[in-house]
Every structure is written in C-alpha cells, then in structure tokens.
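Let's take a walk through this protein together, starting on the inside and then turning to its charged side chains. Have a look at the structure first.

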Amino acid sequence: MKVDPVICREIHCSYAGVAFHLSLTSNLTMILGESGNGKTFLYKALRNYKVMDDTLLLFDFTDIHRVSDELKKAVHRFIIVDNADIMLDDDMRNFIAFDYQNQYLLIGRDPRGLMVSADNLKSVHFDKNSRMMELVDAV
C-alpha cells in the first residue's frame, strides 16, 4: 500500500564520514537486506540526525518492551524501527499498516503483515567512491 509521505520526503545528513541521501516516496518504507549491508549503520546515522529533527522517534532492540505503547501514542511522527522483524509482533504490524498519522521507516528482513508493495521495499546502496549511502529499490 503506498500513501504519500506525511512527515518527511528527504533526509540529507552525514555520519562517520558517510553522506546519506534518502528519498522517501511513501508513508511506509521497509529497508531489506542481509547482515552487513549497512542497515544498522543507517539506523545509527538517523539516531544521530534526530538531534536536528524532533519529529523522529527511533526504536531498536533496547526498546522492545516499550515500542508497542509508544507507537500507539505517536501522532505526526517519523518513526524508525531497527530490527523491525524482531521488534514488531503481528498486532503492531497491522497497526502500522493502517496508521496514516505517522510515517514509518522499518529496517529488517521480513515485510510480511505490513501490506507493502514493491514500491515500499528498499535496500541500502553504498557508493565507496563518493562515500554516499542511499535507498534503492529492493530486488
């Protein structure tokens, strides 16, 4: 399901010598990929970027016991969840799929239960020459 972004269309930041240029085309984007392709590095960069953007709400494995309550209270936030396939149960996936007040960037390996189309699935691409990371369509 594709709905225009409600909070953020682009993020430009840098972290640890890498430039990030993220174009978001939906209110729900899932970043897929195997271990070691840069997903968690991207999450760390966005956690650093949060200092400049108070609409961001970030969750990782240390937040597993509070993520459900916090998501249900969030309004007009850009929510980023690392290891989303572990962090989100079926009820939370269903909640996210129908939440049009917030925008989500989910990082993980399993998009089941989120009602996403191929347009919503992205992977991380790192260009070593330019030291730039961006999102590309997942294959």
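In this predicted model, the largest nonpolar core is made of 22 residues. Ile-11, Leu-42, Leu-46, Phe-78 and Ile-80 have the most contacts inside this core. Several elements give two or more residues to the core, including strand 1 (10-15), strand 2 (18-23), helix 1 (39-49) and strand 4 (56-59). Helix 1 gives the most, with 5 residues. In soluble globular proteins, nonpolar side chains tend to be buried together.

Now pick out Leu-46. Setting aside neighbours within four places in sequence, Leu-46 is in contact with Ile-11, Leu-22, Leu-56, Leu-58, Ile-80 and Leu-105. There is also a second, separate core of 19 residues, and among its members are Leu-32, Val-67, Ile-79 and Ile-96.

Next come the charged pairs. The count of salt bridges is 5. One of them joins Arg-47 to Asp-60, with the closest N and O atoms 3.2 Å apart. Arg-47 sits in helix 1 and Asp-60 in the loop between strand 4 and helix 2 (67-73), so this pair ties together parts that are 13 residues apart in sequence. Arg-47 is partly exposed, at 36% relative accessibility, whereas Asp-60 is buried, at 10%.

Arg-66 and Asp-63 form another salt bridge, at 3.2 Å from N to O. Here Arg-66 is partly exposed, while Asp-63 is buried, with a relative accessible area of 9%.

Finally, look at Lys-73 and Glu-70, whose side chains meet in a salt bridge at 3.6 Å. How far apart are they in helix 2? They are 3 residues apart, so about one helical turn separates them. Lys-73 is exposed, at 58%, and Glu-70 is partly exposed, at 24%.

Methods:
Residues are numbered from 1 along each chain as its sequence is written. This is a predicted model: local features need pLDDT of at least 70, side-chain atom pairs count only at pLDDT 80 or more; totals for chains, interfaces and linings use all residues. Side-chain values use heavy atoms; hydrogens and water are left out. A nonpolar core is a set of buried Ala, Val, Leu, Ile, Met, Phe, Trp, Tyr and Cys residues joined through side-chain atoms within 4.5 Å. Buried means under 20% relative accessible area, exposed over 50%, partly exposed in between (1.4 Å probe, protein chains only). Helices (H or I, at least four residues) and strands (E, at least two) are DSSP runs, numbered from the N terminus. Contact means heavy atoms within 4.5 Å. A salt bridge is a side-chain nitrogen of Lys or Arg within 4 Å of a carboxyl oxygen of Asp or Glu.
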